There are 2 protein chains.
Amino acid sequence: MGTSKKNLFTPEQNRIAELAKALGHPARIAILQHLFSVNACICNDLVEELPLSQSTISQHLKALKNVGLIQGSIEGKSICYCVDQDTWKEAKSILNSL
Amino acid sequence: MGTSKKNLFTPEQNRIAELAKALGHPARIAILQHLFSVNACICNDLVEELPLSQSTISQHLKALKNVGLIQGSIEGKSICYCVDQDTWKEAKSILNSL
DNA sequence: AATTAATATCGTAAAATTACGATGATAAAA
DNA sequence: TTTTATCATCGTAATTTTACGATATTAATT
């Protein structure tokens, strides 16, 4: 039981669900909002911004990165994150055309 | 652990996440797509349309109804479901204005 | 070379999700 | 009134998510 049945749905349905799922947590919404407002920031800024531990935030960042909603680039000893505009457009257009 | 921290985020962030979460499963995307294409249908149509059991589909319908994305109205011994256009507009505008 | 700072990952526990069959509830039909 | 059809809910098991502390990892700094 509880086994996922991805194979029973179309790639489009799975992709939409995947993107929506990544947006389906307030912490990840907060992360995206912050990234939109400051354009880009390092992980540590988010740790100070959000009431969650560093490891938890790192996990949320990974979830967003896995579906392509954000990108991370090495910046000295930090990692600079920003919204991936292409994927963001994809998410919006998918929802609008549904 | 694993305790949800809804109280640490704004109502807006929670609402966005709640809506996105409801969209975060391919079966629920399939349900919405079907509802959009036929305008309205009874639960049983979805049971025949989707490769999932009746109880599972009923659960998914409940999830969509709980966040207001769909409405159900009694139609004899069936229940007729349709997309709630207001909530749907809310979802789209929220994403577009994020 | 040792220290510090910034992230990621591991291990783990609690909670939530997902799926199904079985059972209830309700209204039409016989 | 019994049966049938439609849908919801309950109980349950497997899976996934969420959160944290502890522990790597890596690069700048001292």
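1. The model is a predicted one. Between chain B and chain A the count of salt bridges is zero. The side of chain B that touches chain A is made up, by class, of 18 nonpolar, six polar and four charged residues, so charged residues are present on that side under the class rule used here.

2. Polar contacts. Across the interface of chain B and chain A, two residue pairs are in polar contact, both at pLDDT 80 or more. As for where that side of chain B comes from, the elements giving two or more residues to it are helix 1, helix 2 (26–38) and helix 5 of chain B.

3. Extent of the interface. In contact terms, 28 residues of chain B meet 28 residues of chain A. The two chains bury about 2500 Å² between them, and 75% of this lies on carbon and sulfur atoms. Which residues of chain B lose the most area to chain A? They are Phe9(B), Leu95(B) and Leu98(B), which together make up 25% of what that side buries.

4. The cavity. Searching the whole structure gives one cavity of 30 Å³ or more. The space in the largest cavity is about 190 Å³. Helix 1 (11–22) and helix 5 (85–96) of chain A, together with helix 1 (11–22) and helix 5 (85–96) of chain B, are the elements that give two or more residues to its lining.

5. Lining residues. The lining of the largest cavity consists of 14 residues. Those nearest the centre are Leu23(A) and Leu95(A) from one chain, and Ala20(B), Leu23(B) and Leu95(B) from the other. By class the lining has 14 nonpolar residues, no polar and no charged ones.

6. Salt bridges overall. Over all chains the structure holds four salt bridges. One pairs the side chains of Glu18(A) and Arg15(A), at 2.9 Å from N to O. Both residues belong to helix 1 of chain A and sit three residues apart, about one turn of the helix.

7. The single chain. Chain A has five helices and three strands. Along the sequence their order is α-α-β-α-α-β-β-α. The C-alpha trace of chain A spans about 45 × 30 × 20 Å along its principal axes.

Definitions and conventions: Residues numbered from 1 in each chain as written. Chains lettered and ligands numbered in written order. Predicted model: local features only at pLDDT ≥ 70, side-chain atom pairs only at ≥ 80, totals over all residues. Heavy atoms only, no water. 1 Å grid on protein atoms, 1.4 Å probe; cavity = no way out; pocket = protein on both sides within 12 Å on 5 of 7 lines; lining within 4 Å. Points joined across faces, edges and corners; volume = space filled by probe spheres on them. Helix = DSSP H or I, 4+ residues; strand = E, 2+ residues; numbered from the N terminus. Contact = heavy atoms within 4.5 Å. Buried area = accessible area lost by both parts, 1.4 Å probe. Polar contact = N/O pair within 3.5 Å; in protein donor to acceptor, adjacent residues only side chain to side chain.
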